[in-house]
Amino acid sequence: MESRLVSQAKEYMAKKDFHNASLSLQRALELNPTSVNATDLMAELLESAGAPTALSWRAQASKMDPSNADKRFHWANLAIQSGDIASATTALDGMSEQAKNSADYHKLAGALAWTTHHSEEAEQH
């Protein structure tokens with residue numbers, strides 16, 4: 001049932017029917033509050049709507065799937081865009097060593113350093 005609701009939400013999002021996508025995701029999360037897929041999609045939905053709560057959903061999705069570097073990159077990126085330095089730092093600090101060697105990591109770490117007026121550190125990334 002939960003996976004069907006998540007699939008429906010994806011279909012609604014593709015059609016830009018955000019109301020029904022939200023309803024499907026809310027129901028999926030009622031059935032399984034620890035659903036990584038539903039949490040991640042809710043973060044995506046809220047982010048596309050510009051909702052401030054998207055950041056907490058991105059963080060939650062990342063914490064539910066800690067080995068997924070892409071989720072941490074999304075979290076860090078949104079935190080930087082939102083000006084939440086502490087959240088961005090937490091997201092980047094929790095990266096695996098392998099992820100810390102990626103171009104995406106250095107791009108985000110440089111952006112964070114630049115945002116916090118650490119230009120020398122930004123240049124190192």
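Which residues in helix 6 meet which residues in helix 8? The legends below begin with that pair. This is a predicted model, in which local features need pLDDT of at least 70, side-chain atom pairs count only at pLDDT 80 or more, and totals for chains, interfaces and linings use all residues. Residues are numbered from 1 along each chain as its sequence is written, and side-chain values use heavy atoms, with hydrogens and water left out.

**View A. Helix 6 meets helix 8.** From helix 6, I85, A88, T89 and L92 are in contact with Y105, L108, A109, L112 and T115 of helix 8; contact here means heavy atoms within 4.5 Å. Sorted by class, this contact has 7 nonpolar, 2 polar and no charged residues (Ala, Val, Leu, Ile, Met, Phe, Trp, Tyr, Cys and Pro count as nonpolar, Asp, Glu, Lys and Arg as charged, and the others, Gly among them, as polar).

**View B. The axes of helix 6 and helix 8 cross at roughly 150°.** Axes are lines fitted to C-alpha atoms, for helices over the stretch in contact, and angles run from 0 to 180 degrees between N-to-C directions. The helices themselves are DSSP runs (H or I, at least four residues), numbered from the N terminus.

**View C. R58 forms a salt bridge with D40.** The closest N and O atoms of this pair are 3.4 Å apart; a salt bridge is a side-chain nitrogen of Lys or Arg within 4 Å of a carboxyl oxygen of Asp or Glu. R58 lies in helix 4 (residues 54-64) and D40 in helix 3 (residues 36-48), so the bridge ties together parts that are 18 residues apart in sequence. Both R58 and D40 are buried (buried means under 20% relative accessible area, exposed over 50%, partly exposed in between, with a 1.4 Å probe and protein chains only).

**View D. E47 also forms a salt bridge with R58.** Here the closest N and O atoms are 2.8 Å apart. This pair links distant parts of the chain, with E47 in helix 3 and R58 in helix 4, 11 residues apart. E47 is partly exposed, at a relative accessible area of 26%, while R58 has 7% relative accessibility.

**View E. D65 forms a salt bridge with K71.** Their closest N and O atoms are 3.9 Å apart. D65 is partly exposed at 22%, and K71 counts as buried at 11%. Salt bridges that share partners join D40, E47, R58, D65 and K71 into one network.

Technical notes:
Helix = DSSP H or I, 4+ residues; strand = E, 2+ residues; numbered from the N terminus.
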